[in-house]
Each structure stands twice: as structure tokens, then as C-alpha cells.
Amino acid sequence: MGQLAFSVTSNAITDTHSHPWDAAAAGWNSHAALIHDWLQDATQTMLDEARIGPGLSVLDIAAGAGDQTLDIARRVGDAGRVLATDVSPAILALAQKNAQAAGLAQVSTQVADAQSLGLAGSGFDAAVCRLGLMFCRSPLLALREIRAALKPHGRFSALVFGSPQRNPCLTVTLATARQHAGRVNAVLPGATHAFEPGTLMSLGQPGLFLELLQTAGFVDVAVSTVSAPMHTLSATHYVDFLRSSASPLIEILAPLSAAEKQHAWHDMIEQLQIFNTPSGWTGPNELLRCVAVSPA
Ligand SMILES: C[S@@+](CC[C@H](N)C(=O)[O-])C[C@H]1O[C@@H](n2cnc3c(N)ncnc32)[C@H](O)[C@@H]1O
């Protein structure tokens with residue numbers, strides 16, 4: 001295993017600052033099986049691209065409740081190490097709990113904003129980030145922090161949401177939530193505010209992800225599209241998932257009364273019927289996957 005320079009004093013969460021994602025932590029964790037199935041293929045390819053294997057030290061950024069962290073830990077084995085980081089103490093506590101329950105002692109956690117990781121010079125062999133980078137208001141800062149945490153020639157792979165046009169179920173739900181919340185600029189495909197920094201599809205702007213990776217100093221950079229449809233029994237099941245786990249939607253609807261929120265969620269179910277299939281419900285999603293290398 002590559003010798004790690006970072007030090008994690010314990011597996012305990014010490015940062016007590018709350019974050020909006022704290023409110024979605026339990027919901028995201030309780031839908032672990034759905035999320036795992038949804039992202040399984042994309043995740044394994046991301047880990048392949050980062051060349052994660054036995055004995056490596058791996059940084060997992062915006063790790064959430066740790067679904068991909070457990071996959072990484074199993075790949076690196078007992079001789080490897082995984083540091084799972086996230087800005088939300090509540091969701092990261094669940095990642096730690098899940099790793100402990102799975103008997104994966106090679107996992108440690110550290111509450112950290114991706115934009116200020118503070119892990120420069122740590123010499124990680126590889127880093128990954130699954131569906132987290134687009135939430136950074138400055139993804140460039142985050143990418144620089146990640147590159148600095150890698151050893152020379154260390155590999156980075158990440159998944160983010162692609163464009164609004166290619167993620168119509170996200171576009172529909174965001175637009176509906178914004179309408180109900182009285183925000184006039186609903187997220188419509190092609191609208192420039194769809195790419196507002198820190199929002200769900202902010203890195204779906206054509207060419208942006210590649211440019212940011214290059215500007216952050218990575219080499220051998222490539223970005224490709226990945227189809228990742230989500231299958232559920234019905235639109236209602238999908239909205240059940242969103243209302244407990246989708247922090248961006250929860251935040252948009254937060255000012256509404258309980259009855260108004262209920263109305264908004266119901267409206268989303270209606271709108272999402274267009275994705276019904278003979279065997280249930282399938283929401284199209286297109287992700288972008290990057291692979292990048294830290295320079296020598
Ligand atoms: C959609 S969840 C993905 C979680 C996990 N990677 C997965 O795929 O299951 C997004 C995660 O990004 C985290 N996050 C959002 N903004 C962040 C930031 N600035 N720095 C680090 N993590 C962040 C949230 O707390 C949340 O856990």
C-alpha cells in the first residue's frame with residue numbers, strides 16, 4: 001500500500017456544524033438499496049477508471065452514507081485504506097456506521113467541505129467522488145484540493161449529473177418544486193440558470209467539466225457520458241425517494257406549509273407519469289464520468 005501522510009485521529013465525527021444535507025441523511029441511507037442498484041454499473045466503472053485495487057489508499061469525497069465507500073473498501077481489502085469525507089456530519093456518521101456494521105475497519109471518516117479538504121500532500125493513490133462535485137459552488141477549488149491530495153500519477157474519477165436535457169425527470173421535479181415555491185425561473189432545458197454553480201446539473205454545461213479538470217492541473221483528462229436510468233415500481237415510489245433524500249428539492253420546498261409541500265409532491269407524481277413503463281417506472285438520467293491523473 002502507498003504510505004499515507006494523512007492522519008485521522010479517530011473514526012469519530014468531531015465536527016458538529018450542521019449542513020442542509022443533514023436533513024436528507026436518514027432518507028438517503030434508508031434508500032441505499034435503490035441507490036446501489038441505480039448506480040451500480042456506473043460506480044464499478046468509476047472505480048475501474050480510478051484503478052482501485054488491493055492495498056491502495058483511496059480518498060472518497062462527498063461520500064454520503066458510504067454506499068460507494070463500502071465498494072472501495074472491499075476492493076482495497078485489509079491492506080488498503082479509505083478516507084470518506086463529506087460536508088454533512090449526519091450523513092457521514094451513517095457512512096461510518098455502515099462501514100463498521102460491514103466489518104470494514106479500513107474505512108475512516110473526516111467531515112470536510114470538498115472545497116477546503118486540507119489534505120494536500122497526503123499522497124493518496126486514488127480519489128473518487130460520486131454525485132457530489134456539482135454541489136460545490138466552486139468545483140474548481142474542490143478539484144484543486146483533490147489533485148493536491150493525490151500522489152504524482154494518482155488517479156481521480158467522478159460522476160456528476162449531465163445536462164438538463166438528458167435528465168428530464170430531474171428537470172421536471174426541479175421545475176415543479178420551483179413553481180410551487182413561487183420561484184419564477186423554473187429549471188427548463190437550455191435555461192442558463194440550470195447551470196447555476198452548486199446546483200444539481202451545474203456541471204452538465206457542455207465542456208465545463210473537462211475544462212475545470214484541466215484548469216485544476218490534472219492531465220490525461222477525459223469526460224464521457226453514462227446512461228443511468230432509475231427504475232422504481234411507480235412515480236410515487238420515485239417521489240417517496242426524493243421527498244426524504246433529495247436535499248435540493250427539500251430546500252426549495254422548505255418555506256412552504258405542510259399542505260403546500262404535499263401539493264407540490266403530488267404534482268410531481270402527476271408530471272412524472274410520462275415515464276411509466278409496462279413494468280413500472282423508469283426515469284432517464286445521464287451522468288458524466290471523468291477520469292483524470294495527477295501530474296508527475
Ligand atoms: C447525492 S449525495 C451523494 C452521496 C454519495 N456519494 C452517494 O453517491 O451515495 C451528495 C453528497 O454530497 C455532499 N456534499 C454536498 N456539498 C458538498 C461539499 N461542498 N463538500 C463535500 N460534500 C458535499 C452531501 O452532503 C451529500 O452527502
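**Helices and sheets in a predicted model**

Me: At what angle do helix H6 and helix H10 pack?
Reply: Helix H6 (residues 168-180) and helix H10 (residues 258-271) pack at an angle of about 150°. Their axes are 9 Å apart. Please note that this is a predicted model.

Me: How are H6 and H10 oriented to each other, then: roughly parallel or roughly antiparallel?
Reply: Angles over 145 degrees count as roughly antiparallel, and H6 and H10 are therefore roughly antiparallel to each other. As for handedness, H6 passes H10 in a right-handed crossing.

Me: Which residues in H6 and H10 meet?
Reply: From H6 come Val172, Thr173, Thr176, Ala177 and His180. They meet Glu260, His263, Ala264, Asp267, Met268 and Gln271 in H10. By class, this contact of H6 with H10 has four nonpolar, five polar and two charged residues.

Me: What about H5 and H7, how do their axes cross?
Reply: The axes of helix H5 (residues 139-149) and helix H7 (residues 208-215) cross at roughly 45° and come within 9 Å. That angle makes H5 oblique to H7. The crossing of H5 and H7 is right-handed.

Me: Which residues make that contact?
Reply: H5 contributes Pro139, Leu140, Leu143 and Arg144, while H7 contributes Leu212, Leu213 and Thr215. The residues of the contact of H5 with H7 divide into five nonpolar, one polar and one charged.

Me: Let us turn to the sheets. In what order do the seven strands of the open sheet stand?
Reply: The order is E3-E2-E1-E4-E5-E10-E6, and the pairing is mixed. Strand E3 (107-111) and strand E6 (219-227) stand at the edges. Each of these two has a single partner strand, so one side of E3 and one side of E6 is left without a neighbour in the sheet. On average, and with direction ignored, neighbouring strands of this sheet are turned by 15° against each other.

Me: How many bridges pair strand E5 with strand E10?
Reply: Strand E5 (residues 150-161) and strand E10 (residues 286-293) pair over seven bridges, in the antiparallel sense. To take a particular residue, phenylalanine 161 has leucine 287 in E10 as its bridge partner.

Me: Which strands does helix H4 touch?
Reply: Helix H4 (residues 89-101) packs on the sheet and touches strand E2 (81-86) and E3. The direction of H4 makes about 175° with that of E3.

Me: And where does H5 lie?
Reply: H5 lies across strand E1 (57-61), strand E4 (124-130) and E5. H5 runs at about 145° to E5.

Me: There is a sheet of three strands as well; what is its order?
Reply: That open sheet has the order E7-E9-E8, with antiparallel pairing. Its edges are strand E7 (230-232) and strand E8 (276-277). Each has a single partner strand, so one side of E7 and one side of E8 is left without a neighbour in the sheet.

Me: How many bridges join E8 and strand E9?
Reply: E8 and strand E9 (residues 280-283) pair over two bridges in the antiparallel sense. Asparagine 276 has tryptophan 281 in E9 as its bridge partner.

Me: Which helix lies across E7, E8 and E9?
Reply: Helix H8 (residues 235-245) does, running at about 115° to E7.

Me: Valine 239 lies in helix H8. Is valine 239 buried or exposed?
Reply: Valine 239 has 0% relative accessibility and counts as buried. Leaving aside neighbours within four places in sequence, valine 239 is in contact with Trp265, Met268, Ile269 and Leu272.

Me: How far apart are valine 239 and methionine 268?
Reply: In sequence they are 29 residues apart, and in space 7.3 Å from C-alpha to C-alpha.

Me: Which residues in helix H1 are buried?
Reply: In helix H1 (residues 22-30), Ala24, Ala25, Gly27 and Trp28 are buried. The elements that cover the buried residues of H1 include helix H2 (32-49), H4, H8 and helix H9 (247-253).

Me: One last topic, the backbone: what is phi of alanine 62?
Reply: Phi of alanine 62 is near 55°, a positive value in a residue other than glycine. Alanine 62 is found in the loop between E1 and helix H3 (67-76). Alanine 62 is partly exposed, with a relative accessible area of 24%.

Me: And where is histidine 153 found?
Reply: Histidine 153 is found in strand E5. It is not a glycine, yet histidine 153 has a positive phi of about 70°. With a relative accessible area of 54%, histidine 153 is exposed.

Methods:
Residues are numbered from 1 along each chain as its sequence is written. This is a predicted model: local features need pLDDT of at least 70, side-chain atom pairs count only at pLDDT 80 or more; totals for chains, interfaces and linings use all residues. Side-chain values use heavy atoms; hydrogens and water are left out. Two strands pair if DSSP finds at least two bridges between them. Helices (H or I, at least four residues) and strands (E, at least two) are DSSP runs, numbered from the N terminus. Contact means heavy atoms within 4.5 Å. Axes are lines fitted to C-alpha atoms, for helices over the stretch in contact, and angles run from 0 to 180 degrees between N-to-C directions. Angles under 35 degrees count as roughly parallel, over 145 as roughly antiparallel, 65 to 115 as roughly perpendicular and the rest as oblique. A crossing is left-handed if the near helix is turned anticlockwise from the far one by less than a right angle, and right-handed if clockwise. Ala, Val, Leu, Ile, Met, Phe, Trp, Tyr, Cys and Pro count as nonpolar, Asp, Glu, Lys and Arg as charged, and the others, Gly among them, as polar. Buried means under 20% relative accessible area, exposed over 50%, partly exposed in between (1.4 Å probe, protein chains only).
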